[in-house]
Amino acid sequence: MSALAGAALRSDASRAAPAGPPLLEVRNLTMHFTVAAGVLSRRKAAKIKAVDDVSFTIGRGEALGLVGESGCGKTTTGRCILRLEKPTSGEIIFEGQNLCELDRHALNEKRERMQVIFQDPYSSLNPRMKVGAIVGEPMKVHGIYPKRRERVQRVAELFSVCGLNPKFMDRYPHEMSGGQRQRVGIARALSLNPQFIVCDEAVSALDVSIQAQVINLLENLRERFNLSYLFIAHDLSVVRHLCHRVAVMYLGRLVELAASDELFANPLHPYTQALLEAVPIPDPDVEKHRAHRVMKGEVPSPINPPGGCVFHPRCPLAVGSCRQEVPQLRELKRGHWVACPRV
Amino acid sequence: MSALLEVENLRTQFDTSAGTVRAVDGISYTVNEGETVGIVGESGCGKSVGALSVLRLIPDPPGRIASGSIRFAGSNLLTLSEAEIRKVRGGQIGMVFQEPMTSLNPVLTIGLQLCETMEIHLELSPQEAQARAIELLDMVGISEPARRLQQYPHHLSGGMRQRVMIAIALSCKPKLIIADEPTTALDVTIQAQILELMKNLTKRFGVALIIITHNLGVVARYADRVNVMYAGRIVESGTASDVYHRPVHPYTLGLLRSVPRMDRPRGGRLIPIDGQPPDLTREIEGCAYRPRCSFAVERCAREAPPIEEVANGHASACFEKARLERLLKEAS
């Protein structure tokens, strides 16, 4: 995406949160993985473009939704921003510093400011640690509240903030329900007072009645601490509810980005349109009057993606030129970006 | 329409070290010929166990069907011999499970798994079975069906495997298909493909369908009638339109309020249901939903409310259903 596009995205982000430059700016982020030819082979057989030239910004206090189907690169994008992966190219500018250029020490300091909440509240908590110790661990590592007594007090505080009874501190994860465990994961993410949290499918594993509790908690925390979220999810209803803006990914590329209500009311990219049509709405009368058109085909393999626009084999609007030219994001309306020359 | 499946007062329990789990605690429902019935509820509410009990697929021990009757096309499935019930499974009643990877045998070809069912139930010759298998794969939208017969499940994507499962379920011309979370593991566009396919094929062949899901949207889109389950019981049942627009059980209302809607602008907080579902190893006195319910009265602690009709075909297991109905009417 061009520098011009970046500038316009910045202005959109600042509308959501008027305090100056964005907290996070991702510029032309690209992450390629190489796949070995066989289990024992060292020969590099193929390259997977997990993330390909992705740019966006997130303002202070803003929640940006990142949606798409399995394998579209949304989780890899989140992992690159946290520098759990070293991106192939591109820039990740967080609080004015490019994370790709920092040395280990400086990066570790920055990591206090950015945290992550994972999808699975079962596998993301160490089963041998008490949940109080799990929440206290990041503070121990980063040397915040080095005295045990202070740390325990802070953990108790975090428990209450996340709607957990501080008495639960001495429990093990298996003694808690899925919803409670997810609250523990949230308390751990908050323990270092971060500015920015990557929520990677943070509510997907929860049942609807519990999911609503956790969604409300995430919203309350964002408002209370002016947090920014990159909210990675495949559930579009949750994303509309929780996010100010939404970016749609397909096979490693951003295809559309707009304010949440604008995107859902007026999707422009044919992929976004098909994605929204596929989501059933919990209302039989609404469903009766919806067109149930089904998008043909499946997501192609990222090892050998289609040339030109990656969506062209499934696209109802595709023409000959879509096979050759990679469409760039362009702003069709203020703050509404689409990577399709045919709309 | 006549009743094809009549489940009456079914109780399925599991003996575990922690005590007896009353996974299904006295559910009754019917499925008419050619109709689609949704069974909706959260994890652990007994929706899958209830459906597996219909085919007596509950591992015994630790599980057992403690009481009840299941009448299907004239016979009580609970009193059939093992040989007789095997004819029903995969024959008159087909099944589609959630995990298309684990429900297909990874070391057998697609063709073998499709043909085996038909050779057993329809007594087709291998050649006849193969010809029909190709026809079926074509019908469920799998390209190059003849070549696919030679392939193994790992050659196919999740969506394609679920299409194979549907082909197997339909292969013996069943009267009923039970689909247990058929699309939960799939991406949303593939989910839409699979559900549309199931709807079209069940309509075309007049097959009744039970869809078990936690997804309220899937039920709204596809089911004619809905049973809402909570803690092993059916708490509300009725047509999809009645249940979604005029709920008469506080749990149904709570569920509908706690899901974010993609078709509505952002605004306000969701209204979650407080607390958590009960532990089913403990004896529940009174209504299982009482600790989370804002309509609960003193009586709810003592007696479990029976499921009763409030209007034609619309039933609720709540003592306070009249008050709930009145309040919702006033609110709208």
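Helix axes are lines fitted to C-alpha atoms over the stretch in contact, and the angle between two of them is taken between N-to-C directions. The views below show a predicted model.

**Figure 1. Packing of helices H3 and H6 in chain B.** The axis of H3(B), residues 110–121, comes within 9 Å of the axis of H6(B), residues 158–171, and the two cross at roughly 15 degrees. Because angles under 35 degrees count as roughly parallel, H3(B) and H6(B) are described as roughly parallel to each other. The crossing of H3(B) past H6(B) is right-handed. From H3(B), the residues in contact are Ile110(B), Gln113(B), Leu114(B), Thr117(B) and Met118(B); they meet Val164(B), Ala167(B), Ile168(B) and Ser171(B) of H6(B). By class, this contact comprises six nonpolar and three polar residues, with no charged residue.

**Figure 2. Packing of helices H4 and H6 in chain A.** The axes of H4(A) and H6(A) lie 7 Å apart and form an angle of about 25 degrees. H4(A) and H6(A) are therefore roughly parallel to each other, and their crossing is right-handed. Val131(A), Ile134(A), Val135(A) and Pro138(A) of H4(A) meet Val184(A), Ala187(A) and Arg188(A) of H6(A). Six residues of this contact are nonpolar and one is charged, while none is polar.

**Figure 3. Buried residues of helix H4 in chain A.** Within H4(A), which spans residues 131–141, the buried residues are Val131(A), Gly132(A), Ile134(A), Val135(A), Gly136(A) and Met139(A). These buried residues pack against two helices of chain A, H5 (148–161) and H6 (178–190). After H4(A) comes Gly143(A), which has a positive phi near 70 degrees.

**Figure 4. Contact between chains A and B.** Chain B contributes 37 residues to the contact and chain A contributes 38. On the side of chain B that touches chain A, at least two residues each are supplied by H7 (188–205), H8 (216–222), H9 (240–245) and H10 (250–258) of chain B. H7(B) provides the largest share of that side, seven residues. The side of chain B that touches chain A consists of 17 nonpolar, twelve polar and eight charged residues.

**Figure 5. The largest nonpolar core and Phe231(A).** The largest nonpolar core contains 191 residues, and Phe231(A), Ile210(B) and Val219(B) have the most contacts inside it. H6(B) supplies the largest share of this core, eight residues. In soluble globular proteins, nonpolar side chains tend to be buried together. Apart from its neighbours within four places in sequence, Phe231(A) is in contact with Ala63(A), Leu64(A), Gly65(A), Leu66(A), Cys199(A), Val239(A), Leu242(A) and Cys243(A).

Figure 6. Cys80(A) is buried because 25 other C-beta atoms lie within 10 Å, the cut-off being 20 or more. Not counting residues up to four places away in sequence, Cys80(A) touches Leu29(A), Met31(A), Val51(A), Glu85(A), Pro87(A) and Ile92(A). Between Cys80(A) and Gln328(A), 248 residues apart in sequence, the C-alpha to C-alpha distance is 22 Å.

Figure 7. Thr202(B) counts as buried because it has 24 C-beta neighbours inside 10 Å. Its contacts, not counting residues up to four places away in sequence, are Thr36(B), Ile177(B), Val207(B) and Leu209(B). Thr202(B) and Glu35(B) are 167 residues apart in sequence, and their C-alpha atoms are 8.8 Å apart in space.

Key: Residues numbered from 1 in each chain as written. Chains lettered and ligands numbered in written order. Predicted model: local features only at pLDDT ≥ 70, side-chain atom pairs only at ≥ 80, totals over all residues. Axes fitted to C-alpha atoms, helices over the stretch in contact; angles between N-to-C directions. Helix = DSSP H or I, 4+ residues; strand = E, 2+ residues; numbered from the N terminus. Parallel < 35°, antiparallel > 145°, perpendicular 65-115°, else oblique. Left-handed = near helix turned anticlockwise from the far one by under 90°. Contact = placed C-beta atoms within 7 Å. Nonpolar A, V, L, I, M, F, W, Y, C, P; charged D, E, K, R; others polar. Core = buried A, V, L, I, M, F, W, Y, C linked by C-beta atoms within 7 Å. Buried ≥ 20, exposed ≤ 12 C-beta atoms within 10 Å, placed from the backbone.
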